[in-house]
Amino acid sequence: MADAKPFHWEFTPEPVTREVFRIEGGVPLTGEVPISGSKNAALKMFAAATLTGERCRFTNVPEIEDVRVMAETLRDLGVVVDHPEANTYEIASGDVEWLFVPLEAAAKMRASFILLGPLLARFGQVIISNPGGDRIGRRPVDLHVEAMRALGATIEYRNGYYFATAPGRLRGTEVRFPFVSVMGTENAMLAATLADGHTVIRPAAQEPEVDDLIVFLKEMGAEVERTWPDTIEVHGKRRLRGAEHRIIPDRIEAGTFAVAGAVTGGHVTLTGAPCDHLSAFVEILGRAGVDAECDTAAERIVVDGRALREGGYRACDIRTAPYPGLATDLQPPTCVLLTQASGTSQVHEAVFEDRLEWLSDLNRMGARIEIPDNHHATIRGRTPLHGADADIGDLRAGASLILAALAADGESTIHGAHHVKRGYENIERKFADLGARIARLEERFEEGTVSTPS
Ligand code: UD1
């Protein structure tokens with residue numbers, strides 16, 4: 001039985017409400033925008049909450065579709081998920097009746113695979129759908145599966161599902177990854193908190209969301225430390241307790257709004273922004289000639305886009321990398337910025353395959369971008385952008401098409417708004433509050449076969 005084979009099931013999801021963004025571009029965005037809690041941190045906190053039967057409480061949770069899907073997935077397992085007020089969730093995993101994470105969850109959100117480690121560690125078994133077949137490259141989960149096997153689990157793959165068992169407790173071990181994986185690190189770490197003995201994970205991802213998860217796990221009573229930048233060590237405990245946690249701000253949302261200020265030639269202040277988590281990105285803004293000032297103590301980033309009006313930005317080469325490098329999730333917004341930079345910029349997308357495909361949509365809006373292969377692009381600027389009809393393929397590309405439409409002359413219709421709602425809280429409201437002319441309109445349609453989002 002081969003693991004993580006590409007997954008070809010035909011699955012027809014329920015009809016979804018399809019929405020479009022209608023944007024009239026060319027308005028310099030001005031004002032303050034509050035940055036929401038981090039999607040990639042919140043989803044893992046929800047998974048961590050299943051490590052205990054006691055109640056966990058999370059604040060600063062972003063009101064986004066992925067969080068709603070994770071909450072629904074947990075409820076289907078028998079977990080109590082309360083949403084007492086906006087941005088606050090409470091989770092109690094006393095009785096989990098159904099250790100089965102179905103294809104429906106994986107199809108809506110690949111991050112549902114983060115439930116493998118904690119459910120296996122706490123309940124000794126889980127059946128979980130393989131989320132392979134993502135639109136952004138292959139996105140396999142082999143590293144997660146191998147990490148669980150190293151911790152003593154038995155995992156079989158049948159008909160698109162992993163059947164995982166760990167009679168007794170998982171065993172602490174050395175988990176060695178061939179390269180850095182964010183969710184792979186998190187899955188191994190979550191599982192190890194309840195394992196018998198000492199686990200060393202390396203190379204461990206260094207993303208701030210991983211460290212936020214460590215903070216929460218310690219609040220739950222887990223013994224977890226980052227003992228070296230790329231090493232996490234865990235001493236397993238028999239039980240963990242309930243805890244409260246405030247989710248860190250979303251650095252990717254912050255980067256998206258920073259580019260919005262820059263490419264519209266506006267003046268945008270990001271409040272509650274994680275300056276410390278954006279060093280590589282802010283350094284690129286500086287190289288491109290964008291005036292971005294970070295006030296770490298006040299958690300503010302002020303982006304002044306006047307250089308755009310005074311001749312445009314400067315071309316620069318970028319390369320994505322695991323943290324502390326430039327986040328692959330900020331590659332699409334940065335590419336929009338580079339269309340407004342004079343000269344030739346080379347883009348190297350080193351983390352995922354196929355994350356550059358969306359750039360052909362940017363070309364339809366007036367950009368001049370060549371894409372010689374899956375990992376490289378050349379952007380020739382500066383090119384004025386014009387309004388167009390475009391189709392969103394995934395979350396980050398979607399937000400970046402909005403950025404391009406905001407910078408463009410004329411009207412754009414961006415189809416597939418539901419992809420953006422997965423990861424951005426009230427995005428059109430936040431842009432409208434900065435003066436953007438943007439509306440989200442509904443249209444009904446039936447979706448075809450599944451394609452798993454990132
Ligand atoms: C997380 C983020 C995503 C971000 C990415 C990289 C969440 C929910 N998502 O995704 O927004 O873009 O980190 O910063 O936190 N890989 C394998 N086998 C595996 C796992 C990964 O080959 O089992 C490969 C991937 O195809 C990719 C690379 O490893 O080329 C890094 O991916 P990874 O860090 O695992 O990304 P995610 O954790 O899925």
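How are H6 and H7 oriented relative to each other? In this predicted model, helix H6 spans residues 182–192 and helix H7 spans residues 208–219. The two helices pack at an angle of about 10°, and their axes lie 10 Å apart. Angles under 35 degrees count as roughly parallel, and H6 and H7 are therefore roughly parallel to each other. Their crossing is right-handed.

The H6 side of the contact consists of Val182, Thr185, Glu186, Met189 and Leu190. These residues meet Glu209, Val210, Leu213, Ile214 and Leu217 of H7. Classified by residue type, the contact of H6 with H7 comprises seven nonpolar residues, one polar residue and two charged residues. As a general point, an α-helix has 3.6 residues a turn, so residues three or four places apart point the same way.

Strand S12 (residues 223–228) pairs with strand S13 (residues 231–235) in an antiparallel arrangement, with five bridges joining the two. S12 and S13 form a hairpin, and two residues separate the strands. Trp228 is placed opposite Thr231 in S13.

Helix H9 covers residues 279–288, and its buried residues are Ala280, Phe281, Val282, Ile284, Leu285 and Ala288. Just after H9, Gly289 adopts a positive phi of about 90°.

Key. Residues numbered from 1 in each chain as written. Predicted model: local features only at pLDDT ≥ 70, side-chain atom pairs only at ≥ 80, totals over all residues. Heavy atoms only, no water. Axes fitted to C-alpha atoms, helices over the stretch in contact; angles between N-to-C directions. Helix = DSSP H or I, 4+ residues; strand = E, 2+ residues; numbered from the N terminus. Parallel < 35°, antiparallel > 145°, perpendicular 65-115°, else oblique. Left-handed = near helix turned anticlockwise from the far one by under 90°. Contact = heavy atoms within 4.5 Å. Nonpolar A, V, L, I, M, F, W, Y, C, P; charged D, E, K, R; others polar. Pairing = 2+ DSSP bridges. Buried < 20%, exposed > 50% of the residue type's maximum accessible area, 1.4 Å probe, protein only.
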